[in-house]
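Colleague: Could you take me through this one? I have a few quick questions.

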Amino acid sequence: VKGDLTNHVRFHHKEKPINCDVCGKLCQNTGSLYVHQKWAHYKPKFECPVCKRRMVTQENLDQHMVTQHEKREKIVCAECGKTFTKKDSFKRHMAVHTGSKPHACPICQKPFARQSQLRQHVLIHTGKRPFVCDICGKAFTQKPGLICHRKTHPGQHPPLPVMPIADLVNEFTAEYLQENSGNNGGEGEQEEGEEEEEVGEEGEEEEEEASE
């Protein structure tokens with residue numbers, strides 16, 4: 001994949017540091033240059049008036065306001081009293097009480113409560129390292145490893161960019177099923193209607209607990 005080629009060039013061909021053409025700052029590689037320019041010179045200009053989070057487009061901001069700040073009917077968990085505004089969040093939360101783990105790894109059959117947990121697990125089987133440090137280029141299989149690694153670099157760091165892994169996992173799963181059982185990969189596809197969860201600056205979508 002493109003990320004593997006980029007890492008190969010950085011480590012084996014010693015990609016030279018690059019100067020920012022706006023302020024002249026010396027960046028270690030193209031990845032760190034991109035992050036520097038994004039947050040130092042081209043910050044998203046649409047700011048949420050409530051939480052001050054910035055969005056790239058007005059459409060993103062409108063969607064953020066609806067999903068994060070508009071008051072909606074609360075769903076109360078009868079087991080622990082937690083409240084939710086999304087049915088999907090409530091459904092995922094109930095797995096904590098029921099112990100249900102309906103998502104099984106197609107390679108080793110290990111069960112998981114959430115689709116997002118399964119995707120993170122399958123990354124181990126792929127052998128890929130999609131989480132790349134924007135400062136030095138070191139790559140990791142899991143996001144927590146990258147987060148801990150970035151703390152070894154001095155100074156303040158910009159938030160991690162969104163790193164979607166669903167396509168990588170689905171492609172690997174489909175190929176594995178086809179090679180080992182003749183399946184065309186249908187079992188590895190994401191369940192229809194299930195909301196896609198992104199891994200990025202905020203990580204996986206957490207259960208949304210409504211404020212009282």
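**Cysteines and a helix**

Modeller: Let me begin with Cys136, whose sulfur lies 3.8 Å from the closest cysteine sulfur, that of Cys133, which is too far for a bond; please keep in mind that this is a predicted model.

Colleague: How many disulfides does the structure hold?

Modeller: The structure holds 0 disulfides. Cys48, for its part, is in none, and its nearest cysteine sulfur, in Cys51, is 3.6 Å away, whereas a disulfide needs the two sulfur atoms within 2.5 Å. Cys48 is buried, with a relative accessible area of 0%.

Colleague: Changing topic, what span should helix α4 have, going by its residues?

Modeller: Helix α4 runs over residues 87-98, and at 1.5 Å a residue its 12 residues should span 16 Å, which agrees with its end C-alpha atoms being 16 Å apart.

Colleague: Which residues of α4 are buried?

Modeller: Those are Ser89, Arg92, His93 and Ala95. Looking down the axis of α4, the buried residues fall within an arc of 135°, so they line one face of the helix.

Colleague: What covers the buried residues of α4, and which residues are exposed on the other side?

Modeller: The cover of those buried residues includes β6, residues 83-84, while Lys87, Lys91 and Thr98 are exposed on the other side of α4.

Colleague: Which residue takes a positive phi just after α4?

Modeller: That is Gly99, with a phi of about 75°.

How values were computed
Residues numbered from 1 in each chain as written. Predicted model: local features only at pLDDT ≥ 70, side-chain atom pairs only at ≥ 80, totals over all residues. Heavy atoms only, no water. Helix = DSSP H or I, 4+ residues; strand = E, 2+ residues; numbered from the N terminus. Expected span 1.5 Å × (residues − 1). Buried < 20%, exposed > 50% of the residue type's maximum accessible area, 1.4 Å probe, protein only. Arc of directions from axis to C-beta. Contact = heavy atoms within 4.5 Å.
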